Amino acid sequence: MSAKLGHAVCDENGKAKGGKPGNQTGKELRFQSYYKNDKGWNVLRTKDKTVAAKIAKAMTDACNNMAIGYCQTTRGQLQTEAKKVNFNLATVKTPCNCDCSSLVRACCFAAGLSPASFHTEIELKVLMATNAFTQLKEPWTEKDLQAGDILVTKVKGHTAIVVSTTNAPAPVQPTPTVTPPTSARYVEIKGSSVNVRAGDNVNTARLGTVHRGDPPLPYYGVAISGWYKVNYKGRSACISNRADLTKLI
């Protein structure tokens, strides 16, 4: 039995403050196997399984969206941008930041809940006040966790959401549907080697590697936050649009 978590961890410099908007490294928001926190975990579970599934999906969407990054100073940006898209965290396009607790709050809004603003020190109290949660009684173990459970440390510290359990991998967003280009354009490879991925973030499967001098890839548009949509060996794929790695021709 294993549980997979989704959470906001640190900015692109490994710090709590000062990060640029958006997930610069692909690791500011991330999936991680369950671990024991030295501050201890409280576990909150929604009374409605449908709400739990929506919370888990929202965290999955956020961790897969490279437009969402980490910075405590600008932690409220995600709430502002998510509100514009009815809290569909997969469709947030404007680069923005959150921290661990403001991300969990946004996931609650995505599931139809409206908790007051909180940080980890008061998260348990605020979420319980919504009357949508119960607290898992101790002692509990990893095998008792369910997708959609919210973990928050017993003292000020950290919070995360269980996105999947058992040995199944954490769910990922499907590769965006590709619309054929209206005019033929291509992506030229400038870097010595560049990975081609199944989706528009570094957590998706690597389909292969292309090199400087290889034939350019057919271009199908721009994906979220720093990626070109391309045709790679007959299938939809994504590749970084960093100027030192690729060039649209």
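I started with Asp144 and Lys143, whose side chains meet in a salt bridge with N and O 3.8 Å apart. I kept in mind that this is a predicted model. The pair counts because a nitrogen within 4 Å of a carboxyl oxygen is enough.

**Lys57 and Asp61**

I found a salt bridge here, with the closest N and O atoms 2.8 Å apart. Both residues sit in helix α1, which covers residues 49–63. They are four residues apart, about one turn of the helix. That spacing makes sense to me, because residues three or four places apart in an α-helix point the same way. Is Asp61 buried or exposed? Asp61 is buried, at 4% relative accessibility, whereas Lys57 is partly exposed at 47%.

**Glu138 and Lys154**

I logged this salt bridge at 2.8 Å, N to O. It links distant parts of the chain, with the partners 16 residues apart. I placed Glu138 in the loop between β6 (133–135) and β7 (150–153), and Lys154 in the loop between β7 and β8 (159–165). Lys154 is partly exposed, with a relative accessible area of 43%.

**Helix α3**

I then turned to helix α3, residues 100–110, and found it mostly covered, with 10 of its 11 residues buried. Among the buried ones I wrote down Cys100, Leu103, Arg105 and Phe109. Just after α3, I noticed that Gly112 takes a positive phi of about 95 degrees.

**The cores**

The largest nonpolar core has 35 residues. Which residues have the most contacts inside it? My list reads Leu78, Leu89, Leu103 and Phe133. Elements giving two or more residues to this core include α1, α3, β2 (29–33) and α2 (77–84).

I followed up on Leu103, leaving out residues up to four places away in sequence: Leu103 touches His7, Ala8, Leu29, Met59, Ala62, Leu78 and Cys98.

Last, I found another core lying apart from the largest one, with 13 residues. Val187, Val210, Ile239 and Leu245 are among them.

How values were computed:
Residues are numbered from 1 along each chain as its sequence is written. This is a predicted model: local features need pLDDT of at least 70, side-chain atom pairs count only at pLDDT 80 or more; totals for chains, interfaces and linings use all residues. Side-chain values use heavy atoms; hydrogens and water are left out. Buried means under 20% relative accessible area, exposed over 50%, partly exposed in between (1.4 Å probe, protein chains only). A nonpolar core is a set of buried Ala, Val, Leu, Ile, Met, Phe, Trp, Tyr and Cys residues joined through side-chain atoms within 4.5 Å. Contact means heavy atoms within 4.5 Å.
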